[in-house]
Protein chains: 2
Amino acid sequence: MVTGDQETRERVLNTAARLFAERGVERVTVRDICQQAHANVAAVNYHFGGKDGLYTAVMELAIGVMRSTTEAARDAGAGQSAEGRLRAYIATFVDRVTGSGRDTWIHHLLMRELADPTPALTLVVEQVLKPRMEYLCGTIAEIAGRLPDDAVVVRCALSVQSQFHALLWNQALPRIATGGDTTPASVAAIAEHITAFSLAGVRGFAQSR
Amino acid sequence: MVTGDQETRERVLNTAARLFAERGVERVTVRDICQQAHANVAAVNYHFGGKDGLYTAVMELAIGVMRSTTEAARDAGAGQSAEGRLRAYIATFVDRVTGSGRDTWIHHLLMRELADPTPALTLVVEQVLKPRMEYLCGTIAEIAGRLPDDAVVVRCALSVQSQFHALLWNQALPRIATGGDTTPASVAAIAEHITAFSLAGVRGFAQSR
DNA sequence: TGACGAGTCAAACGCTTGTTTAATACAGTC
DNA sequence: GACTGTATTAAACAAGCGTTTGACTCGTCA
């Protein structure tokens, strides 16, 4: 085969990640993947032990990137006030979800996993969602003057995080709301909106100590 | 056949609705549906013209219920202030999504349709999502002292609506957050949280006229 | 009574799916 | 140069899928 510079395994893995995110695991055949990856049908079974193994490998790849997103969101606000950290956290996520970076497919995979859980959800929860919630709760707790495990704080964190997911309704959004474009300016406007909305929401639960 | 009181067509339709919502269309076979509905495999093709036709029929059924939910959410706040209307709207939705009523499956179908659009999305957008956004924007506009088509108002409406969807992360939620129970008390607490959070968020964008 | 349409049924039909096989090529090692 | 383990290939495999078929059972109506 006239392979490129890339190893077959890597080509299959990357192609599968893209297709799984686009169409969902069930709507992608191993023949689709291998054809687009310029690989033989047997490659999936040889390198990943089967379609399920391939999906697991894709999810592990995705989890790695998601963890780095969490870190980036945390680093962006390092040394700032709680308000500043929340603002930086939101801006990082909006930026990555709307695809200014190049890893949009990952968020679609995550959305599918939440809507339609597979065994891989356990990994996602432990390595991605829990750390995010923990950081978010810490920041929000500081803003609200409450404890991080306060039920009010947890609910606020969910309210913040859930707003990101509306950004992924790619097909529906442009038809029900103005905008939906992802120019740097509008992305920044969305981030600013979620920040302001969430800050006001959280402060409404503020408790004087 | 020892059918019950229900006609075969109805049994197949209801069984399919439940299974499609639970597992997703791709992970449900016609044989699954017919077995659970105590019907012959050919029933799907005879009554609905095929699996696709069955899915369309299920979505039409779901859209009917969703429209009635929209009306119920609107009626619940009739004659009240804008704040009261928003509170009633949110309470109605939280109630239906968490399944105190019996139509939870519909929201799972909607979530799947947003994550993984099919041709049926067009119907959902026109007959369900647009009317909801319109009503929500009207209410929020009044609270914020802005016009209903103001971009700020539209974004606020999306922020409100998106919070409902976190309630549907059935598998993931109990593992990342405390609660997740659906006792009447906690459902009311969730509704109250989203209301307070959203009201504060919207008021932050209030414009003195 | 006999013809007719609607509904149901077991069985079979193609087709696609994920997976396996056996052959082949190739690089490194003794 | 024979041996070994890795990687790739075309072809075939068995199972499952949605769908179709033709016979059969009714209730209805002329």
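# Briefing on a predicted two-chain model

T92(A) has its place in helix 5 of chain A, and this residue counts as buried because its relative accessible area is 13%, below the 20% cut-off. Chain A brings 46 residues into contact with 46 residues of chain B, and the area buried between the two chains is about 4,200 Å².

**Interface of chain A and chain B**

- Of the area of about 4,200 Å² buried between chain A and chain B, carbon and sulfur atoms give 69%.
- On the side of chain A, the residues that lose the most area to chain B are W169(A), R175(A) and F197(A), which together account for 16% of what that side buries.
- Between chain A and chain B the count of salt bridges is six, while the rule for polar contacts finds 14 residue pairs across this interface, with both residues at pLDDT 80 or more.
- Five helices of chain A each give two or more residues to the side that touches chain B, namely helix 6 (104-115), helix 7 (121-144), helix 8 (151-165), helix 9 (173-176) and helix 10 (184-203).
- Helix 8 of chain A supplies the largest share of that side, with ten residues.
- Sorted by class, the side of chain A that touches chain B holds 26 nonpolar, twelve polar and eight charged residues.

**A salt bridge between the chains**

- Side chains of opposite charge can pair when their charged atoms come close.
- E26(A) and R27(B) meet through their side chains in a salt bridge, with an N to O distance of 2.2 Å.
- This pair crosses between chains, and each partner sits in a loop between helix 1 (8-23) and helix 2 (30-36), E26(A) in that of chain A and R27(B) in that of chain B.
- E26(A) is partly exposed, with a relative accessible area of 37%, and R27(B) is also partly exposed, at 29%.
- Salt bridges that share partners join E26(A) and R27(B) with D116(A) and R112(B) into one network.

**Salt bridges within each chain**

- Over all chains, a search of the whole structure finds 20 salt bridges.
- In chain A, the side chains of R87(A) and E192(A) meet in a salt bridge at 2.9 Å, N to O.
- In chain B, R87(B) forms a salt bridge with E192(B), and the closest N and O atoms of the two residues are 3.0 Å apart.
- The pair in chain B links distant parts of the chain, with R87(B) in helix 5 (residues 82-98) and E192(B) in helix 10 (residues 184-203), 105 residues apart.
- R87(B) is partly exposed at 36% relative accessibility, and E192(B) is likewise partly exposed, with a relative accessible area of 39%.

**Nonpolar core**

- In soluble globular proteins, nonpolar side chains tend to be buried together.
- The largest nonpolar core of this model has 154 residues, and those with the most contacts inside this core are L54(A) and L54(B).
- Leaving out residues up to four places away in sequence, L54(B) touches V12(B), L13(B), A16(B), F20(B), I33(B), V44(B) and F48(B).

- Apart from its neighbours within four places in sequence, T92(A) is in contact with T69(A), A72(A), A73(A) and A76(A).
- T118(A) is found in the loop between helix 6 and helix 7 of chain A, and with a relative accessible area of 18% this residue is buried, since the value is under the 20% cut-off.
- Not counting residues up to four places away in sequence, T118(A) touches Y55(A) and E113(A) as well as R27(B) of the other chain, and R27(B) is the residue that forms the salt bridge with E26(A).
- The C-alpha atoms of S81(B) and T139(B) are separated by 9.0 Å, although the two residues are 58 residues apart along the chain.

Definitions and conventions
Residues numbered from 1 in each chain as written. Chains lettered and ligands numbered in written order. Predicted model: local features only at pLDDT ≥ 70, side-chain atom pairs only at ≥ 80, totals over all residues. Heavy atoms only, no water. Contact = heavy atoms within 4.5 Å. Buried area = accessible area lost by both parts, 1.4 Å probe. Salt bridge = Lys/Arg side-chain N within 4 Å of Asp/Glu carboxyl O. Polar contact = N/O pair within 3.5 Å; in protein donor to acceptor, adjacent residues only side chain to side chain. Helix = DSSP H or I, 4+ residues; strand = E, 2+ residues; numbered from the N terminus. Nonpolar A, V, L, I, M, F, W, Y, C, P; charged D, E, K, R; others polar. Buried < 20%, exposed > 50% of the residue type's maximum accessible area, 1.4 Å probe, protein only. Core = buried A, V, L, I, M, F, W, Y, C linked by side-chain atoms within 4.5 Å.
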